[in-house]
Amino acid sequence: MKILYSDNDIIVCIKPVGTDSEKGMPEELKKDFKGEIFTLHRLDQNVGGVMVYARNKRTAAEFSRLIRNGGMIKEYIARVHGIPPESGDWEDLLWKDSKKNKVYVVDRERKGVKRARLEFTRLNAGECSDVRIRLHTGRSHQIRVQFASRGYMLFGDHKYGAKDDFSAPMLWSYKLTFPYKRKTVSFEANPDWDNFV
């Protein structure tokens, strides 16, 4: 596992695709770091990329407040079918069917429906397009369902309509930016699409 940064309070690392962010990752990190590891945010098991973990309760509480108040900027890269617009700012109402673990775009507010917003920039275009995405809300499967609902399914995302041979959604936590020790810090890592299967 690649460590991008560590000190006595946080660990910034790259979560491999296939590892659970809430249980598997802390277990892996404890092999190299003593003490407790606190999960601050999550990625779906079949999504990889940059994550930050806390090494003590004080830091975990500080980051929980930071994230709750929108102080951590989360950016992703996704590879999608088709050619989405050059850029966009999408807001949708999402409803999750917990029994099926699937999320749907709906047209009206009701119990369990949550607003979801993201901004994106298309990086290239062709049979597949890469897009850089900034999340403003952290809803379950948000990027996957917002793009799929407009016909731009993520490669490998069979749950949301992709028909290809990849086994996991081509979605990557590319960059995290947040205030830390009186300055703004960013950590990033590009996806290695060639190793996706």
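The structure is a predicted model, in which local features need pLDDT of at least 70 and side-chain atom pairs count only at pLDDT 80 or more, while totals for chains, interfaces and linings use all residues. Residues are numbered from 1 along each chain as its sequence is written, and side-chain values use heavy atoms, with hydrogens and water left out.

The protein chain contains three helices and eleven strands. Helices (H or I, at least four residues) and strands (E, at least two) are DSSP runs, numbered from the N terminus. Their order along the sequence is β-β-α-β-β-α-β-β-β-β-β-α-β-β. The C-alpha trace spans about 45 × 40 × 35 Å along its principal axes.

Of the 197 residues, 47% count as buried. Buried means under 20% relative accessible area, exposed means over 50%, and partly exposed lies in between (1.4 Å probe, protein chains only). The protein chain exposes about 10,700 Å², of which carbon and sulfur atoms supply 44%. Accessible areas come from the Shrake-Rupley method with a 1.4 Å probe; for residues, only the protein chains shown count as cover. Among the contacts with a separation of 6 or more, 59% involve residues 24 or more positions apart. Contact here means heavy atoms within 4.5 Å. The protein chain carries 36 positive and 27 negative charges, whose mean positions are 6 Å apart. Lys and Arg count as positive and Asp and Glu as negative, whereas His and the chain ends are not counted. The place of a charge is taken as NZ of Lys, CZ of Arg, CG of Asp or CD of Glu.

Strand β10 (residues 171–180) is largely enclosed by the rest of the structure, because eight of its ten residues are buried. Two strands pair if DSSP finds at least two bridges between them. Strand β4 (residues 48–54) pairs with β10 in the parallel sense over two bridges, and glycine 49 has serine 173 in β10 as its bridge partner. Strand β5 (residues 73–81) pairs with β10 in the antiparallel sense over six bridges; here lysine 175 in β10 is the bridge partner of glutamate 75. Strand β11 (residues 183–188) also runs antiparallel to β10, joined to it by six bridges, with threonine 184 in β11 as the bridge partner of proline 179.

The hairpin of β10 and β11 has two residues between the strands, and lysine 181 in this hairpin takes a positive phi near 50°. Arginine 182, in the loop between β10 and β11, has a positive phi of about 70° although it is not a glycine. With 88% relative accessibility, arginine 182 counts as exposed.

Another positive phi, of about 50°, occurs at asparagine 101, which is not a glycine. Asparagine 101 is found in the loop between β6 and β7 (102–106) and counts as partly exposed at 34% relative accessibility. Aspartate 97 lies in strand β6 (residues 87–97) and counts as buried, with a relative accessibility of 15%. When residues up to four places away in sequence are not counted, aspartate 97 touches Lys102 and Tyr104. The C-alpha atoms of aspartate 97 and glycine 112 are separated by 9.4 Å, the two residues being 15 residues apart along the chain.
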